[in-house]
Amino acid sequence: MTEYPAIASPARTQAILNRYRLSAKKSLGQNFLVDLNILGNIVEAAEITSDDDVIEIGPGIGGLTEQLAKAAHKVLGFEIDENLLPVLQETLAPYDNIEIINEDILKANLPQVVKERFTGHHPLKVVANLPYYITTPIVMNLLAGELEFDAIVVMMQKEVAERLTAVPSTKPYGSLSAIVQEMNNVEISFIVPRTAFIPQPNVDSAIVKLTQKTAKETVPFDEKRFAGFVRGCFMHQRKTLWNNLLGFFGKTDEAKGAITKVLTEVQIDPGARSEQLTIDQFVQLANAFHDNGILN
Ligand code: SAM
C-alpha cells in the first residue's frame with residue numbers, strides 16, 4: 001500500500017485542493033490547518049486515548065480527522081459541504097474508525113445521532129477547528145444540549161476565546177464569559193498563528209478547552225433562565241446594573257421595589273456595572289430574584 005504524507009502537510013493539502021479543483025469557501029469558514037505540530041498539540045490538549053469516541057465539527061479535507069482517528073476509538077465528523085464528501089472518502093479511506101455525516105451541525109439531532117453511531121461505552125469528546133462564523137452558536141448548543149462531554153476542545157478566533165475565558169472587570173468580560181464559566185472550566189490551551197492555515201484567515205486563533213464543573217458552591221435555580229438573566233444584565237454595556245435590571249424587569253414600581261430589596265439582600269451596589277460582578281454574584285442575584293417571585 002502507498003504511504004501518503006499526512007493530509008495536513010502543506011504539500012498534500014495543496015495537492016488535494018488542486019486535484020479536486022477546490023477553492024476554500026469563505027462563506028463556510030473554510031481555513032484548512034496545515035501544521036502537523038499544531039494538530040498534534042490539539043490531540044494532546046484533548047487527551048485523546050484509544051478509548052475515546054470523538055465528534056468532529058467540519059472535517060474539511062480530513063487533516064484533523066486523520067490525527068484524531070489515529071489516537072481515538074472512533075471519530076464521527078459533521079461536514080456541511082457536500083463537495084468535500086468525495087474528498088474525505090478518498091483521504092480518509094485508510095481508516096476504518098471514521099464516519100462522516102453530511103449535515104449542518106446546528107440542525108443535527110446530536111443525542112439521536114450519538115445514540116445511533118456510538119455504543120455509549122466510551123468517553124465522548126468534541127474536537128474541532130470550528131467554522132468561525134458560527135462559533136458561539138455551536139459552543140452554546142453543545143453546552144446547553146443534553147449530551148455530556150468529557151471535554152470540548154475547539155479552535156476559534158482568539159478574540160472569542162478571550163471573551164470565553166475573561167475574568168470580571170476586564171474588557172472582554174461579558175454575558176458569554178459568565179454564562180459559559182458558570183457551568184464549565186474554560187482555558188486557552190494555546191494560541192495558533194494565522195500562518196498555520198491555507199488560506200490564511202485575517203485573525204489569530206486559539207484552542208479552548210471546556211470541561212464541566214463538578215463541584216459548585218452556588219447553583220442557579222434554572223440554567224436557561226440564569227443565562228437569559230445574565231444577558232439582560234449586560235444588555236446596555238454603559239448603563240449601571242440598576243438600569244439594566246429595570247430594562248430587564250420593567251420600570252414598574254413593583255419591579256423597582258423588588259430590585260431595591262434584592263440588591264440590599266445580596267449587598268450589591270445598584271450603581272455597580274455588570275462587568276464588575278463575579279459569576280457567584282450573578283447566581284446569587286438570579287436566585288434572589290427567583291425567591292422574591294419576579295424571575296421564574
Ligand atoms: N477540520 C478542517 C481543518 O482543521 O483543516 C477544516 C476546518 S474549517 C475551519 C471549518 C469546516 O467546517 C469546513 O470544512 C466547513 O465546510 C465546515 N462547516 C461550516 N459550517 C458548518 C456547519 N454548519 N456544520 C458542519 N460543518 C460546517
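**Close-up views of a predicted model**

**View 1. A cis proline in a loop.** Pro-199 sits in the loop that joins strand E8 (197-198) to strand E9 (205-212). The model shown here is predicted. Look at the peptide bond that runs from Ile-198 to Pro-199. Is this bond cis or trans? The bond is cis, and its omega is near -15°.

**View 2. The whole chain, for orientation.** The chain holds 12 helices and nine strands. Its C-alpha trace spans about 75 × 40 × 30 Å along the principal axes. The chain has 296 residues, and 48% of them count as buried. Now take the contacts between residues at least 6 apart in sequence. Of these contacts, 67% join residues at least 24 apart.

View 3. The domain assignment gives domain 1 (10-212) and domain 2 (223-291). How far apart do the C-alpha centres of domain 1 and domain 2 lie? The distance between these centres is 35 Å. Domain 1 supplies 12 residues to the contact, and domain 2 supplies 14 residues.

**View 4. Helix H8 against helix H9.** Helix H8 (residues 175-183) packs on helix H9 (residues 223-233) at an angle of about 155°. Their axes are 9 Å apart. The angle makes H8 roughly antiparallel to H9, because angles over 145 degrees count that way. The crossing of H8 past H9 is right-handed. From H8, the residues in contact are Ser-175, Ala-178, Ile-179, Glu-182 and Met-183. They meet Glu-223, Phe-226, Ala-227, Val-230 and Arg-231 of H9. What kinds of residue make up the contact of H8 with H9? Six are nonpolar, one is polar and three are charged.

**View 5. Helix H9 against helix H12.** H9 also packs on another helix, H12 (279-291). The axes of H9 and H12 come within 10 Å and cross at roughly 110°. H9 and H12 are therefore roughly perpendicular to each other. On the H9 side, find Phe-226, Phe-229, Val-230 and Cys-233. On the H12 side, find Phe-282, Val-283, Leu-285, Ala-286 and Phe-289. The contact of H9 with H12 has nine nonpolar residues, no polar ones and no charged ones.

View 6. Is helix H3 (residues 63-71) largely enclosed or largely open? Seven of its nine residues are buried, so H3 is largely enclosed by the rest of the structure. The buried residues are Gly-63, Leu-64, Thr-65, Glu-66, Gln-67, Leu-68 and Ala-69. What do the buried residues of H3 pack against? One of their partners is helix H2 (36-45). The strands involved are E2 (53-57), E3 (74-78), E4 (98-101) and E5 (124-129).

**View 7. Helix H2 against helix H3.** H2 and H3 pack at an angle of about 50°. The axes of H2 and H3 lie 10 Å apart. The two helices are therefore oblique to each other. Their crossing is right-handed. Leu-36, Leu-39, Ile-42 and Val-43 come from H2. Their partners in H3 are Gly-63, Leu-64, Gln-67, Leu-68 and Ala-71. The contact of H2 with H3 divides into seven nonpolar residues, two polar ones and no charged ones.

**View 8. Two loop residues with positive phi.** Glu-47 lies in the loop between H2 and E2. Its phi is positive, about 50°, although Glu-47 is not a glycine. Is Glu-47 buried or exposed? Glu-47 is exposed, with a relative accessible area of 52%. Gln-267 sits in the loop between helix H11 (253-265) and helix H12. Phi of Gln-267 is also positive, near 55°, and this residue is other than glycine. Gln-267 counts as exposed because its relative accessibility is 72%, and the cut-off is over 50%.

View 9. Where is Thr-252 found? Thr-252 is in the loop between helix H10 (241-249) and H11. Thr-252 has 42% relative accessibility, so it counts as partly exposed. Now trace the chain from Thr-252 to Arg-21. These two residues are 231 residues apart in sequence. In space, they are 62 Å apart, C-alpha to C-alpha.

Technical notes. Residues are numbered from 1 along each chain as its sequence is written. This is a predicted model: local features need pLDDT of at least 70, side-chain atom pairs count only at pLDDT 80 or more; totals for chains, interfaces and linings use all residues. Side-chain values use heavy atoms; hydrogens and water are left out. Axes are lines fitted to C-alpha atoms, for helices over the stretch in contact, and angles run from 0 to 180 degrees between N-to-C directions. Helices (H or I, at least four residues) and strands (E, at least two) are DSSP runs, numbered from the N terminus. Angles under 35 degrees count as roughly parallel, over 145 as roughly antiparallel, 65 to 115 as roughly perpendicular and the rest as oblique. A crossing is left-handed if the near helix is turned anticlockwise from the far one by less than a right angle, and right-handed if clockwise. Contact means heavy atoms within 4.5 Å. Ala, Val, Leu, Ile, Met, Phe, Trp, Tyr, Cys and Pro count as nonpolar, Asp, Glu, Lys and Arg as charged, and the others, Gly among them, as polar. Buried means under 20% relative accessible area, exposed over 50%, partly exposed in between (1.4 Å probe, protein chains only). Domain bounds come from an automatic or database domain assignment.
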